[in-house]
Amino acid sequence: MTDTAPRELPLQELSEVVIRFAGDSGDGMQLTGERFTSVSAVFGNDLSTLPEFPAEIRAPQGTLAGVSAFQVRISDFAISTPGDAPTVLVCMNPAALKAQLHHLAQGGAVIVNSDAFTERNLDKAGYKSNPLDDGSLVGYRLYPVPMAELTKTATAELGVKPRDAERSKNFFALGLISWMYSRPTEPTLQWVKDKFAGRELIVASNIAAFNAGYNFGETAEVFEAHYEIKPAQLPSGEYTNVNGNTALAWGCVAAGQLANLPVFLGSYPITPATDILHEMSKHKNFGVRTLQAEDEIAACGAALGAAYGGALAFTTTSGPGVALKGETIGLAISLELPMVIIDVQRGGPSTGLPTKPEAADLLMAMFGRHSESPMPIVAPQSPADCFDAAIEASRIALKYRTPVMLLSDGYLANSSEPWLLPDVATLPDISVDFATEYNGTNEDGEGIFLPYLRDPETLARPWAVPGTPNLMHRVGGIEKEDRTGNISYDPANHEKMIDLRAAKVAGVANDIPALVVHGDPDAELLVLGWGSTWGAIDAAINRATDNGYSVAYAHLRHLNPFPKNTGEVLANFRKVLIPEMNSGQLALLVRAKFLIDAKSLSKINGVPFTSGEILDAITDELGQK
Amino acid sequence: MTNVPTTTKKDWSTDQEVRWCPGCGDYSILTAVQMMMPDLGVTRENTVFVSGIGCAARFPYYMNTYGMHSIHGRSPAIATGLATARPDLDIWVVGGDGDMLSIGGNHLIHALRRNVNIKILMFNNMIYGLTKGQYSPTSEVGKITKSSPFGSVDAPFNPISLALGAGASFVARTHDMDRKHMTKVLRQAHEHDGSVFVEILQNCNVFNDGAWDKITKRANRDANLIDLSHGDPIQFGADNEFGVVVENAEAKVVNVADVGVDALLVHDEHREEPGLAFLLSRLSNRPVSPTPVGVFRSVNQPEYSAGVARQLVDAQAQNGPGDLAAMLRSAGTWTVD
Ligand code: SF4
């Protein structure tokens, strides 16, 4: 590109880096971030990602509302979070800089596409003067790079029109960052060839832009150094990079195989859960049936109908959808049929912040139905863990013939991590038997079927599916008589049935692992978490321990019922701190159930906890060292 | 069907006490269905009745088959899931006009447009019975009830027009006063592959007694009941003196003597285009004017659950049976030593 011979820039070794790619939603930042992640994964780093989508699908170009970002942390050691603050911010336009700069660590690097800093774009982003030369970025290392122009130059000889060349500028940025962090280039080039196969001009244009970016880093006298992050020492085995929604979808498909039942998904598109429907719809060769229903209610109803027919049934949604499904979930509780309701939580109430995570549906999952209608609740703690959580929710649903709520959130849904693939032969058998025989006798000694005669251990009722000879029976939402399932308005029977349904769900506690305490069991403080806060808590505990604090933590996979030893565990600590992306919902449950003075650490601004925030709360509790 | 044991009405009836008001039209529908089932060549264990909420929705409790009494309005959705998961079953959905057209209107139209294999029987009594007498979405304008003491202001649905508008592949009407006609229509409904919508005019003798008398009472049938018969000119009256013609894009009742039999509309229930069936559905300015009963439309369209099942078979043929280990590796992997 220039006639300057490549300079020998110093190669510095880093332990980790947190990079945030930001641009207009049309700039391809998600793709850029994913490609960078993907080569880093193959290179052997540990990593964690945090995509951030614009709230509006078609916000005007160049505006703050249209900014899309992707944060990725890569490291040579095991990590559990995408990092508190990025040290490198790549901005494709002024709006991205304006919207994202506050994330950047002090002294961090800002690499901008300087071509986009025109008067018009600055105006759209609300800048009164150009931040690239008004001194407002003092305190950061600023690298203006004319990415658009350099991309146009690099692609001109291919015959790419300048307008089309603009579309390749994210590959210029990717090439530049790939050089900066010594990423292998071959996987990305191959990916471009595969992805755009048949569209040769696009392939050539993207590759030219990528190479131009890579070479620019090497030859332009702009950067002081480039860096290397060595592979992490991860447990040996085969890995893939997976986000929570994909892992959940795979978990549902796997659960069907492990239960030896056909999978049925009733769903209605809703952010941020829709990708589960997309993914499951691909796996028809597993016998997975997906039905995109007319609304949330029908999605849940269809799933319940399929469950009645003997399928392993799921419905996927977010908070507003759960609200609509509530009546049907009540019916499922009354019919005592298995199904799994997956709630990928988002900011609310109402439409709220659909693209931002929140974990404020816990109390709705617990109590958000009419009457006494308990149901088990499970929550995954990391993107890959969504796979196991889906299998566990299915196991409980099938064994206890009950709807189960699985609480994921928008953060788990879209962020990704390396996943050490399980040996599928070691996954649990969660199959159950259908009823096929009479289970009682009438006064004349003839065999009869009692649809509400319970298993003495699990209190589950028999699951007799249509098509089974002799076991014809009717189920319904009207209160049923114990054992026979016939309509009953008897007050004593109603109370008994309420108690039985509650006892059945409570009994799940006998069948789940005890709550495990990590860290110092004699510590003064226990941090108790659930859901996606695990990564930040884990990182905060490590930092606190490094700083000489003695602190313990425990994470709840099961939120209803709690593990049997939960009360005992909590009683061992003088202080209990509960970080949650809500206003203190688990804290409320824990205080009510165990009568302990748990303290809530609440964050509800649409952004996941950073480990620093949790560390601060820990040091507040334990005093500065 | 092979190996279907011979059964009687008794085999298809449960021991549960039937709890409709004495004289309710639901009894005659139940009897007609219980008497018809042994002749359909199906087994009890492969038959499911699904209902929502309302007087009609009690129906499953009285059928010795599989059954679900679900929640208000949702039975078409629940039955859609069941039919999709289990295309081998014979699924009937029973509900009233409130259940199907009010709270469940959305599910009804979507079940019909999907053409999923469920047979929907809507008992239309033009009133809310279970909640003791409020106007329903089929009540006539001006209906005086407890919730409309000055007369209802709502325009009613024409259920047949609605079902045709939703693209239903089988649409019919019958009534509770003629078991033979009911059985004939339901039998044809059962044979249809796809969604079925049958409106059954039903008398609620407690809250809307006699609402259909002008049409369904034996003495009035000649004047007001038009029995649609495939392939025949549409005629009615004691001496077939009335007929139906289409004029200015409307179906009209005429004196046959004035126009001649050849001018009458010949009923073709298999006509692909639902336009003529829709014109016929507009004839009834109910509940007092000449009203067609019988099959308005019965056309072959791809059935939903079969389409879903075919995609599964195709996917297996293309990709082989599901392989979990391969699925987990589908996005690419790397190995750490
Ligand atoms: S209220 Fe009317 S529809 Fe209901 S059972 Fe009584 S008569 Fe029949």
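Colleague: Which residue in S23(A) does Val378(A) stand opposite?
Modeller: In this predicted model, strand S14 of chain A covers residues 377-378 and pairs with S23(A) in the antiparallel sense, over two bridges. Within S23(A), the residue standing opposite Val378(A) is His558(A).

Colleague: Which are the edge strands of the open sheet of seven strands in chain A?
Modeller: The sheet has mixed pairing, and its strands follow the order S11-S10-S12-S13-S15-S14-S23 in chain A.

Colleague: What angle does the direction of helix H2 of chain B make with that of S11(A)?
Modeller: Helix H2 of chain B, residues 75-85, packs on the sheet, where it touches strand S10 (263-267) and S11 of chain A. Its direction makes with that of S11(A) an angle of about 150°.

Colleague: Which element supplies the largest share of the side of domain 2 of chain A that touches domain 3 of chain A?
Modeller: Domain 2 spans 240-426 and domain 3 spans 518-622 in chain A, and their C-alpha centres lie 26 Å apart. The contact takes 22 residues from domain 2 and 19 residues from domain 3. On the domain 2 side, helix H13 (362-367), S14, strand S15 (403-409) and helix H15 (410-414) of chain A each supply at least two residues. The largest share, three residues, comes from H13(A).

Colleague: How many residues of that side of domain 2 of chain A are nonpolar?
Modeller: The side of domain 2 that touches domain 3 in chain A includes three polar and three charged residues. Its nonpolar residues number 16.

Technical notes
Residues numbered from 1 in each chain as written. Chains lettered and ligands numbered in written order. Predicted model: local features only at pLDDT ≥ 70, side-chain atom pairs only at ≥ 80, totals over all residues. Pairing = 2+ DSSP bridges. Helix = DSSP H or I, 4+ residues; strand = E, 2+ residues; numbered from the N terminus. Contact = placed C-beta atoms within 7 Å. Axes fitted to C-alpha atoms, helices over the stretch in contact; angles between N-to-C directions. Domains from an automatic or database assignment. Nonpolar A, V, L, I, M, F, W, Y, C, P; charged D, E, K, R; others polar.
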